[in-house]
Amino acid sequence: MSKNFVSTPQQDKAFEEMLCELENVPGPLMKALQKAQEIYGYLPIEVQMRIADKFDVPLEEIYGIATFYAQFNLNPKGEHTIGICLGTACYVKGSGDILNKFSERLHIQPGQTTEDRKFTLDATRCIGCCGLAPVLTVGDEVYGKLTVDDVDKILAKYGA
């Protein structure tokens, strides 16, 4: 069991209602996983086990679906997701160094979330802003023409 999984009574109620709604729907697994992630923000093992039990399928099948599709997260995401482009244009202009600086400042590696769940750090591929390389996003906000000196300023904007 994951030691950090915490849910609210409202989330649990919504989850149970959703499972009941899908009870007689053919092929409910994808829909159940999508709705569960909407409710909890990610798919902890406890949620995967409950879906497996409800629909009488092996946990391995649920895990296989959850790990195959990129839309699913097995770990909680932070309040702010920082996506640093490592596409060719950004990488040759220093995005690797920017990623390393964020990693150093947040004390996490790409794909991880800070303990306080404030930040998630992701290495991404091209986000379509090559003329602004190197580029990163924080949520829906795009930052371009960056240097490692911009890292502290960006983090400060989000309360780090």
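1. Glu141 is partly exposed, at 33% relative accessible area; partly exposed falls between buried (under 20%) and exposed (over 50%), with a 1.4 Å probe and protein chains only. Glu141 forms a salt bridge with Lys157, and the closest N and O atoms are 2.6 Å apart. A salt bridge here is a side-chain nitrogen of Lys or Arg within 4 Å of a carboxyl oxygen of Asp or Glu. The pair links distant parts of the chain, 16 residues apart: Glu141 sits in strand β5 (residues 141-143) and Lys157 in helix α7 (residues 151-157). Helices (H or I, at least four residues) and strands (E, at least two) are DSSP runs, numbered from the N terminus.

2. This is a predicted model: local features need pLDDT of at least 70, side-chain atom pairs count only at pLDDT 80 or more, and totals for chains, interfaces and linings use all residues. Residues are numbered from 1 along each chain as its sequence is written, and side-chain values use heavy atoms, leaving out hydrogens and water.

3. The structure holds seven salt bridges. Another of them joins Lys77 and Asp122, with the closest N and O atoms 3.3 Å apart. Lys77 lies in the loop between α4 and β1 (80-85) and Asp122 in strand β3, so the pair ties together parts 45 residues apart in sequence. Lys77 is partly exposed at 32%. Asp122 is buried at 18%.

4. Glu17 pairs with Lys13 in a salt bridge, at 3.0 Å between the closest N and O atoms. Both lie in helix α1, four residues apart, about one turn of the helix. Glu17 is partly exposed at 40%, and Lys13 is exposed at 55%.

5. The largest nonpolar core has 22 residues, of which Phe15, Val47 and Ile51 touch the most other members. Such a core is a set of buried Ala, Val, Leu, Ile, Met, Phe, Trp, Tyr and Cys residues joined through side-chain atoms within 4.5 Å. Helices α1 (9-21), α2 (29-40), α3 (45-54) and α4 (59-68) each give two or more residues to this core. The largest share, six residues, comes from α2. A second, separate core of 18 residues includes Leu99, Phe102, Leu146 and Val151.

6. Ser95 lies in helix α6 (residues 95-106). Ser95 is buried, at 0% relative accessibility. A polar atom of the Ser95 side chain lies 3.3 Å from the backbone nitrogen of Tyr91.

Technical notes: A polar contact is a pair of N or O atoms within 3.5 Å; within protein, one must be able to donate a hydrogen and the other to accept it, and residues adjacent in sequence count only if both atoms are side-chain atoms.
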